[in-house]
Amino acid sequence: MGRDLDRIDQRILEELELDGRLSIVELAARVNLTNTPCSERVKRLERSGYISGYRAILNMAKLGLGYLTVVQVSLVATTGDNSLDTFNEAVSTVSEIENCLMIAGSFDYMLTIRTRDILHFRQVLSEKINKLPGILQTNSFAVMEVVK
């Protein structure tokens with residue numbers, strides 16, 4: 001972890017990563033502090049950017065989006081005419097794309113796609129992903145299980 005974090009700060013981050021809804025009282029008890037110093041540390045960690053936000057982890061299967069696919073994307077070109085910026089902007093408009101990671105390696109991007117089922121995925125692939133600017137090739141992989 002960061003160099004300017006002591007063991008208590010690290011424990012606070014670990015606990016909040018497991019459960020961001022912990023009350024200060026519960027968090028303080030778990031890291032062996034009193035409430036006020038614990039609260040001050042959390043605020044400092046937020047201000048300094050170690051904690052960038054809080055969110056709910058949604059059950060995508062219950063929301064009807066239980067089908068997860070990983071798509072490798074290769075672009076025609078990655079230099080010159082702002083092709084990366086153009087792709088980055090366009091990818092943000094596709095709601096089914098859960099994550100978009102720029103990769104150093106044999107392809108340019110890795111996308112995780114959330115859909116209802118394989119038919120929905122095929123539709124998203126053909127009507128949205130393959131129409132993103134600058135795409136040369138995609139390779140798709142159905143996720144069998146999310147382990148971590």
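In this predicted model, the largest nonpolar core comprises 17 residues, and those with the most contacts inside it are V73, F87, L111, I113, I129 and L132. Two or more residues of this core are supplied by each of the elements β1 (67-75), α4 (83-91), β3 (109-115) and α5 (118-127). When neighbours within four places in sequence are set aside, I129 is in contact with L111, I113, V124, I135 and T138. Apart from this core lies another one, built from twelve residues, among them L13, V31, L45 and I51.

The secondary structure of the protein consists of five helices and four strands, which follow one another from the N terminus in the order α-α-α-β-α-β-β-α-β.

As for overall dimensions, the radius of gyration is 20 Å, whereas a compact globule of 148 residues would have a value near 15 Å. The mean positions of the 17 positive and 19 negative charges lie 4 Å apart. Further values for the whole protein are gathered below.

| Property of the protein | Value |
|---|---|
| Box filled by the C-alpha atoms, along the principal axes | roughly 55 × 40 × 25 Å |
| Buried residues | 32% of the 148 residues |
| Accessible surface | about 10,200 Å² |
| Part of the accessible surface belonging to carbon and sulfur atoms | 51% |

Methods. Residues numbered from 1 in each chain as written. Predicted model: local features only at pLDDT ≥ 70, side-chain atom pairs only at ≥ 80, totals over all residues. Heavy atoms only, no water. Rg over C-alpha atoms; globule rule 2.2 N^0.38 Å. Buried < 20%, exposed > 50% of the residue type's maximum accessible area, 1.4 Å probe, protein only. Areas by Shrake-Rupley, 256 points an atom, 1.4 Å probe, with all protein chains shown as cover. Lys, Arg positive; Asp, Glu negative; His and termini not counted. Charge placed at Lys NZ, Arg CZ, Asp CG, Glu CD. Core = buried A, V, L, I, M, F, W, Y, C linked by side-chain atoms within 4.5 Å. Contact = heavy atoms within 4.5 Å.
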